[in-house]
Amino acid sequence: MYTTTVTVSGGTASHGRASGRARSDDGVLDLSLRMPAELGGDGQGTNPEQLFAAGFAACFHGALSLVARQAALDPSTISVEATVAFGRDPEDGGYLLRVDLVASWPGIDPEIAAPLLEQADSLCPYARMAWRGTPTTITLAS
């Protein structure tokens with residue numbers, strides 16, 4: 001249905017996370033990447049966790065809005081906050097992400113919202129990725 005490509009280059013530090021640039025194939029996304037201050041960077045640009053949080057929140061918002069409309073409810077006041085935490089995996093010392101989503105829907109009865117949140121969770125591709133994993137290929141360009 002839709003495919004996009006974003007290329008990250010390393011910048012002056014030869015490290016995409018620390019001084020990189022992210023550009024989409026259509027040129028709409030073009031921004032500097034910087035390591036957050038909490039991880040030893042200058043914090044003067046966005047970082048992958050912020051981008052992931054924005055994508056996850058937007059995707060879940062879209063899914064929740066869709067199921068709300070299907071239930072003949074007004075989704076106009078819905079907002080979704082995504083908190084992404086970057087940390088260590090206690091099992092192997094590698095890196096992990098943790099995502100916490102908080103949907104705000106003023107005026108909705110929690111008993112009505114609960115099944116809609118579950119439907120949105122099963123519909124949202126980011127949530128599905130989090131629960132099931134995503135097929136990934138890694139190749140070296142020739």
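The model is a predicted one, and the values below are computed from it. The secondary structure of the protein chain consists of four helices and five strands, which follow one another along the sequence in the pattern β-α-β-β-α-β-β-α-α. Helix 2, which covers residues 48-70, packs against helix 4 and also against helix 3, and these two contacts take up much of what follows.

**The chain as a whole**

- Along its principal axes, the C-alpha trace of the protein chain extends over about 50 × 35 × 30 Å.
- The protein chain has 142 residues, and 26% of them count as buried.
- The accessible surface of the protein chain amounts to about 9,700 Å², and carbon and sulfur atoms account for 56% of that surface.
- When contacts in the protein chain between residues at least 6 apart in sequence are considered, 34% of them join residues that are at least 24 apart.

**Helix 2 with helix 3**

- Two packed helices are described by the angle between their axes and by the distance between the axes.
- For helix 2 and helix 3, the latter made of residues 110-123, the angle is about 130° and the axes lie 8 Å apart.
- The crossing in which helix 2 passes helix 3 is right-handed.
- On the side of helix 2, the contact involves Phe60, Ala63, Leu64, Leu66 and Val67, and these residues meet Leu116, Leu117, Gln119, Ala120, Asp121 and Leu123 of helix 3.
- Sorted by class, the residues in this contact of helix 2 with helix 3 are nine nonpolar, one polar and one charged.

- Leu64 has its place in helix 2, and because its relative accessibility is 0%, Leu64 counts as buried.
- Apart from neighbours within four places in sequence, Leu64 is in contact with Leu116, Leu117 and Ala120, and also with Ile78, Ala103 and Trp105.
- Leu64 and Asp121 are separated by 57 residues in sequence, while their C-alpha atoms are 8.1 Å apart in space.

**Helix 2 with helix 4**

- The axes of helix 2 and helix 4, the latter made of residues 125-132, come within 7 Å of each other and cross at roughly 115°.
- Angles from 65 to 115 degrees count as roughly perpendicular, and helix 2 and helix 4 are therefore described as roughly perpendicular to each other.
- Helix 2 contributes Phe52, Gly55, Phe56 and Cys59 to this contact, whereas helix 4 contributes Pro125, Tyr126, Ala127, Met129 and Ala130.
- The residues of the contact of helix 2 with helix 4 comprise eight nonpolar, one polar and no charged.

**Ser19 and Ser14**

- Ser19 belongs to helix 1, which is made of residues 16-19, and because its relative accessibility is 10%, Ser19 counts as buried.
- When residues up to four places away in sequence are not counted, Ser19 touches Gly10, Gly11, Thr12, Ala13 and Ser14, together with Leu33 and Arg34.
- Ser19 and Gly107 are 88 residues apart along the chain, and their C-alpha atoms are separated by 44 Å.
- Ser14, one of the residues that Ser19 touches, is found in the loop between strand 1, residues 6-9, and helix 1.
- Although Ser14 is not a glycine, it has a positive phi of about 55°.
- Because its relative accessibility is 66%, Ser14 counts as exposed.

- Ala72 lies in the loop between helix 2 and strand 4, the strand of residues 79-88.
- Ala72 is not a glycine, and yet its phi is positive, at about 60°.
- With a relative accessibility of 69%, Ala72 counts as exposed.
- Tyr95 is found in strand 5, which is made of residues 95-104, and with a relative accessible area of 54%, Tyr95 is exposed.
- Leaving aside neighbours within four places in sequence, the residues in contact with Tyr95 are Phe86, Gly87 and Arg88.

Technical notes
Residues numbered from 1 in each chain as written. Predicted model: local features only at pLDDT ≥ 70, side-chain atom pairs only at ≥ 80, totals over all residues. Heavy atoms only, no water. Axes fitted to C-alpha atoms, helices over the stretch in contact; angles between N-to-C directions. Parallel < 35°, antiparallel > 145°, perpendicular 65-115°, else oblique. Contact = heavy atoms within 4.5 Å. Nonpolar A, V, L, I, M, F, W, Y, C, P; charged D, E, K, R; others polar. Buried < 20%, exposed > 50% of the residue type's maximum accessible area, 1.4 Å probe, protein only. Areas by Shrake-Rupley, 256 points an atom, 1.4 Å probe, with all protein chains shown as cover. Left-handed = near helix turned anticlockwise from the far one by under 90°.
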